[in-house]
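This report is an introduction for a reader who has not seen the structure before.

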Amino acid sequence: MVGVLLPETETSRYETFDRPLIEQAVKERCGECAVRYANAENDVQIQHRQMNAMLTQGVDALILDPVQEVYLRGLISEAAEMDVPVVSYDRVAEGPISGYVSFDADAIGVLQGEGLREGLGDRADGARVVRVEGPLWNPEHVAVSILARAGAHVSKTYVTSGWTPENAYAVMDGAIADLGVDKIDAVWAANDALAAGAISALKGARMNPLPPVTGQDADLSAVQRIVSGEQYMTIYKPYRLQAEAAVDMALALARGESLDSIATGRISTDTARDIPSVKLAPSLVTVDTIEKTVIRDGMYTVNEICTPKYRPACEKAGLID
């Protein structure tokens, strides 16, 4: 039995992509294997109870995306004592994890910084950027240095209490009040849900044209906003590859097999050393790259993106004739 613990449903990717892709990969690779799934709804205590229950129920391996990296350290140690391997998924959990699968965080930062710089164009020098981050934010983000080299700077960072458009709307509304709508040249939003809320606040303040806004996760609604010109870019992460790598690791570990043929590198943390890892490459999605990223890889079809509301914009973008 493979246990799967995902962190929240505020970000659409987990229920739309990660869960079904993980379940499909287990079925394809181990027809007799069952999957026990739980989502913590962004609550560390709930996730603690869920993981404890799975260990009690006798799972053979765990795929874990922690709500907070530190909170499950004790249970991960217990899992190791019970010979239940834990594959950390997307975020590096603290404790003696057996494997790690994610996307290259530095590469994501580079793409966000370069994308925002590209969106600003000749307005980058001196540009004032508002940063909208979720609960797990990194103040020393690689995108900061990329923007600085272009002459742009982060005027202020606002951290939301959750990954929802409503939270982002509230902090962006506060940013507009603090800074003034005429002093916001770009918005660096950590993901697409936060980008949606920030854009709504900017539209509510009658900002026209909208400044370039970043995102991450390539939500369908974000791709549509990119087509229509409301959002400049997002980050596409091929979730199928991530799910398959995590399942390959979990099944191999449950069988007592080496991860040498699966891992592409190794990482170390404060609580574990030399962890076999897979870091996947993300891609930048702008209106010019939609076709060769999310459409080419089958994440979305043209019909899913180009609903009647977005058909004129899709025609302009060359997605449909």
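## The largest pocket

Helix α4 provides five residues to the lining of the largest pocket, the largest share. The model is a predicted one. In it, the largest pocket has a volume of about 990 Å³. Its lining is made up of 32 residues, and those closest to the centre of the pocket are Asp90, Arg91, Ala105, Leu136 and Gln216.

Three elements each give at least two residues to this lining: α1 (13–29), β5 (99–103) and α4 (105–120). Sorted by class, the lining of the largest pocket holds twelve nonpolar residues, twelve charged residues and eight polar ones.

## The second largest pocket

The second largest pocket has a volume of about 260 Å³. It is lined by 13 residues, of which Leu21, Arg240, Asp297, Gly298 and Met299 are the closest to its centre. Two or more lining residues come from each of α1 and α9 (239–254).

Helix α1 gives the most to the lining of the second largest pocket, namely four residues. This helix is also among the elements that supply at least two residues to the lining of the largest pocket. By class, the lining of the second largest pocket consists of eight nonpolar, two polar and three charged residues.

## A cis peptide bond

Most peptide bonds are trans. The bond that joins Asn208 and Pro209 is cis, with omega at about 5°. Pro209 belongs to the loop between α7 (192–204) and α8 (220–228).

## Positive phi values

Most residues other than glycine have a negative phi. Asp83 has a positive phi, near 60°, and is not a glycine. Its place is the loop between α3 (73–81) and β4 (86–89).

Ala218 also has a positive phi without being a glycine; its value is near 55°. Ala218 sits in the loop between α7 and α8, and Pro209 is likewise found in the loop between these two helices.

## Exposure of the two residues

Are Asp83 and Ala218 buried or exposed? Asp83 has a relative accessible area of 66%. A residue counts as exposed when this value is over 50%, so Asp83 is exposed. Ala218 has a relative accessible area of 0%. The limit for a buried residue is under 20%, and therefore Ala218 is buried.

Notes. Residues are numbered from 1 along each chain as its sequence is written. This is a predicted model: local features need pLDDT of at least 70, side-chain atom pairs count only at pLDDT 80 or more; totals for chains, interfaces and linings use all residues. Side-chain values use heavy atoms; hydrogens and water are left out. On a 1 Å grid over the protein atoms alone, a cavity is a set of points where a 1.4 Å probe fits but cannot get out, and a pocket is an open set with protein on both sides within 12 Å along at least five of seven lines; lining residues have an atom within 4 Å of a point. Grid points are joined across faces, edges and corners, and a volume is the space filled by probe spheres set on the points. Ala, Val, Leu, Ile, Met, Phe, Trp, Tyr, Cys and Pro count as nonpolar, Asp, Glu, Lys and Arg as charged, and the others, Gly among them, as polar. Buried means under 20% relative accessible area, exposed over 50%, partly exposed in between (1.4 Å probe, protein chains only).
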